[in-house]
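Please look through the structure below. The account after it starts from one local detail and then widens to the whole chain.

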Amino acid sequence: MVNSDSVLILLCTYKPNLQYFEELIESIDHQTHKNIFLSLHDDGSSIEVLHKMENILEKSNLSFSVEVNNSNLGHAKNFIHNLIKMDEKYDYYAYCDQDDIWHKNKIKAALEKLDKKGNAPAMYCCRSRLVDHNGELIGTSPIKLDKPSFKNSLVQSIAAGNTMVINKESFLVLKKTSNDINITAHDWWTYILLSSVGGYILFDHSINIDYRLHSNNAVGTSFSFTSKLKRLKQLTQGKYREWNDMNLKALDKSLNYLTEENKKVFSSFCKLRQSNFMSRNIKLYKLGISRHSLLQTIILHLAVLFNRV
């Protein structure tokens with residue numbers, strides 16, 4: 001039964017704003033789904049901040065643990081490195097950033113959709129409200145009309161990690177394939193891997209989280225205007241191609257887990273990245289790879305034209 005299913009929340013922290021952190025913990029504590037265990041992994045905060053985080057957690061009704069990484073891992077590796085160390089006893093697993101506000105039905109909504117997929121690997125994600133440091137609305141993440149797919153995952157992520165919840169089958173796939181890899185983002189990697197093995201990707205158009213945008217965000221959102229300009233600059237500088245290099249190298253280690261169809265897609269995509277100037281976009285079009293909007297897809301084809309993908 002969904003109501004009794006256990007959920008492991010993986011919270012990764014690094015020098016958090018303690019006011020934001022307290023608001024996050026309060027929002028998790030108020031979830032309508034109650035069978036939750038919070039596993040916090042800190043990446044280099046001071047002893048004083050660690051003690052204050054523990055005090056905040058102790059005031060809540062949550063069951064929790066706190067661990068400190070032996071060295072600074074960085075945002076993506078902090079999540080993946082610690083996820084694959086988690087116990088297999090939980091029914092579901094969720095990523096959690098240090099300063100967002102979860103809507104009270106966030107976990108319940110995810111579990112109700114994931115439960116319908118039975119024992120197949122499945123991942124839930126949803127839209128976000130973008131809020132400022134005071135919690136005031138700035139905007140919302142866009143509605144994605146295209147069906148999630150492995151082809152799409154090769155060129156963009158689908159949602160922020162703080163919206164993602166995966167079932168045990170997905171966790172076991174990640175656990176088997178994500179050791180000793182170098183990736184750019186844990187959420188993008190999760191989308192790539194689970195779609196590559198034929199898992200269900202469930203995108204909820206409902207909004208179940210407030211994503212706080214401020215100067216100390218580790219990654220930031222991809223749907224603010226400033227972030228779009230930043231990512232366009234990174235694209236022209238070749239960073240996007242570097243990220244793809246990392247993702248494809250990591251995925252190459254897990255080829256045995258891919259569906260036969262996705263093995264062919266993976267091989268074709270790798271080959272087109274090495275093709276000549278004239279044929280790259282033709283091959284991309286024939287392969288059927290696109291992004292979530294027409295404008296983004298046009299930019300993708302321009303990037304492929306100049307060998308920036």
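The model is a predicted one.

Helix α11 itself covers residues 280-287, and its buried residues are Arg 280, Asn 281, Leu 284 and Leu 287. Viewed down the axis of α11, these buried residues fall within an arc of 125 degrees, so they line one face of the helix. The spacing follows a general rule: an α-helix has 3.6 residues a turn, so residues three or four places apart point the same way. Tyr 285 and Lys 286 are exposed, on the face of α11 turned away from its buried side. Here buried stands for under 20% relative accessible area and exposed for over 50%.

What lies over the buried residues of α11? The cover includes α5 (150-153), α10 (260-273) and α12 (294-305).

These helices belong to a chain whose secondary structure comes to 12 helices and nine strands. Of its 309 residues, 52% are buried. Among contacts with a separation of 6 or more, 78% are between residues 24 or more positions apart.

The radius of gyration is 19 Å, which agrees with the value near 19 Å that a compact globule of 309 residues would have. Along the principal axes, the C-alpha atoms fill a box of roughly 60 × 40 × 35 Å.

Methods
Residues are numbered from 1 along each chain as its sequence is written. This is a predicted model: local features need pLDDT of at least 70, side-chain atom pairs count only at pLDDT 80 or more; totals for chains, interfaces and linings use all residues. Side-chain values use heavy atoms; hydrogens and water are left out. Helices (H or I, at least four residues) and strands (E, at least two) are DSSP runs, numbered from the N terminus. The radius of gyration is taken over C-alpha atoms; the globule rule is 2.2 Å times the number of residues to the power 0.38. Buried means under 20% relative accessible area, exposed over 50%, partly exposed in between (1.4 Å probe, protein chains only). Contact means heavy atoms within 4.5 Å. The arc is that of the directions from the helix axis to the C-beta atoms.
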